[in-house]
Amino acid sequence: MKYERFEDLPVWKESVQLGARVFKLTRDKRFAFMGDIASQIQRAVLSISNNIAQGFERGATQEILTFLCYARGSAGEVRSILSLMECLA
């Protein structure tokens, strides 16, 4: 299947849903006492969908793959922060 727009990519849709969940989570008042961690996880989760979109828009296969790797790295950062938060709970 060939996708015409990044908004049609299932992986982009999932990353946006993850972003919405993270932003809802970080509204919790407990984040106010955790320094910059809310901002950091928000930036990381935004990078996932943004890198998918940017790679897609560039059009070249190698660039898409490069930006998918960036998105995967940002997803790892989100998981790492969530793991730390789980330990603090």
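In the predicted model, the axes of helices H1 and H2 cross at roughly 165° and come within 9 Å of each other. An angle over 145 degrees counts as roughly antiparallel, and H1 and H2 are therefore roughly antiparallel to each other. The crossing of this pair is left-handed. On the H1 side, the contact is made by Val11, Trp12, Ser15, Val16, Leu18, Gly19, Val22 and Phe23. The residues contributed by H2 are Ile41, Gln42, Val45, Leu46, Ile48, Ser49, Ile52 and Ala53.

Helix H2 also packs against H3, at an angle of about 165° and with the axes 8 Å apart. Because this angle, too, lies in the range over 145 degrees, H2 and H3 are likewise described as roughly antiparallel. The crossing of H2 and H3 is left-handed.

These two helix pairs belong to a chain whose secondary structure consists of three helices and zero strands. In sequence order, the pattern is α-α-α. H1 spans residues 10-25, H2 residues 37-58 and H3 residues 61-88. Taken along the principal axes, the C-alpha atoms occupy a box of roughly 45 × 20 × 15 Å. Of the contacts in the chain with a separation of 6 or more, 58% are accounted for by residues 24 or more positions apart.

Of the 89 residues in the chain, 29% are buried. The largest nonpolar core comprises 18 residues, and those with the most contacts inside it are Phe6, Leu9, Trp12, Ile48, Ile52 and Val78. Helices H1, H2 and H3 are the elements that each give two or more residues to this core. H2 supplies the largest share, with nine residues.

Ser49, the next position considered, lies in helix H2. Its relative accessibility is 9%, below the 20% limit, so Ser49 counts as buried. Excluding residues up to four places away in sequence, Ser49 touches Trp12, Ser15 and Val16.

Leaving aside neighbours within four places in sequence, Asn51 is in contact with Phe67, Tyr70, Ala71 and Ser74.

The cysteines Cys69 and Cys87 were examined for accessibility. Cys69 has a relative accessibility of 54% and counts as exposed, because this value is over 50%. Cys87 is exposed as well, with a relative accessible area of 66%. The count of disulfides in the model comes to zero, a disulfide requiring a pair of cysteine sulfur atoms within 2.5 Å.

Conventions
Residues numbered from 1 in each chain as written. Predicted model: local features only at pLDDT ≥ 70, side-chain atom pairs only at ≥ 80, totals over all residues. Heavy atoms only, no water. Buried < 20%, exposed > 50% of the residue type's maximum accessible area, 1.4 Å probe, protein only. Core = buried A, V, L, I, M, F, W, Y, C linked by side-chain atoms within 4.5 Å. Helix = DSSP H or I, 4+ residues; strand = E, 2+ residues; numbered from the N terminus. Axes fitted to C-alpha atoms, helices over the stretch in contact; angles between N-to-C directions. Parallel < 35°, antiparallel > 145°, perpendicular 65-115°, else oblique. Left-handed = near helix turned anticlockwise from the far one by under 90°. Contact = heavy atoms within 4.5 Å.
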